[in-house]
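Keep in mind that the model is predicted.

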Amino acid sequence: MRNRADILAVACGVAVAVWLVQLRTWLGQGLGDLPTYEHTYRLIDLGLVPYRDFRLEYPPLAAAVFWLAGWLPGSYGLAFSMLMLLGLVAAMVLSLIHI
């Protein structure tokens with residue numbers, strides 16, 4: 001690999017491959033905090049405000065991500081997973097820019 005573009009292409013390819021594997025094996029099982037995230041989305045969508053109207057044990061900006069995943073098309077789990085993949089790819093791009 002000679003340059004940053006090659007490194008980025010390989011890193012993104014690995015990230016997408018891992019995402020696809022976890023999507024197939026993990027997402028359908030309802031493991032982790034995904035049900036909590038979806039419940040938080042539903043409360044916010046009803047007009048409730050985190051920290052004021054209900055308890056949220058995540059940083060304030062996490063509530064925005066939980067809410068955004070609910071507004072994307074498809075299942076909540078798929079939308080949230082895609083947002084996390086997008087965040088990972090963005091972090092890789094930004095880290096390679098600053099190497």
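Start with α3, where A62, A63, F66 and A69 are buried. Why do they sit on the same side of α3? Because the arc they cover around the axis is only 125 degrees. As for what lies over the buried residues of α3, the cover includes α2 and α4.

That brings us to the largest nonpolar core, which has 15 residues. Within it, the residues touching the most other members are Y37, F66, A69, Y76 and F80. The helices α2 (34–45), α3 (60–71) and α4 (76–97) each put in at least two residues, and the largest share, 5 residues, comes from α2. In general, nonpolar side chains in soluble globular proteins tend to be buried together.

Now zoom in on Y76. Leaving aside residues up to four places away in sequence, Y76 touches L34, Y37, E38, Y41, F66, A69 and G70.

Finally, follow α4 along its length. This helix has 22 residues and spans 32 Å from its first C-alpha to its last, close to the 32 Å expected at 1.5 Å a residue. Which residues of α4 are buried? They are Y76, G77, A79, F80, S81, L83, L85, M92 and L96.

Conventions:
Residues numbered from 1 in each chain as written. Predicted model: local features only at pLDDT ≥ 70, side-chain atom pairs only at ≥ 80, totals over all residues. Heavy atoms only, no water. Core = buried A, V, L, I, M, F, W, Y, C linked by side-chain atoms within 4.5 Å. Buried < 20%, exposed > 50% of the residue type's maximum accessible area, 1.4 Å probe, protein only. Helix = DSSP H or I, 4+ residues; strand = E, 2+ residues; numbered from the N terminus. Contact = heavy atoms within 4.5 Å. Arc of directions from axis to C-beta. Expected span 1.5 Å × (residues − 1).
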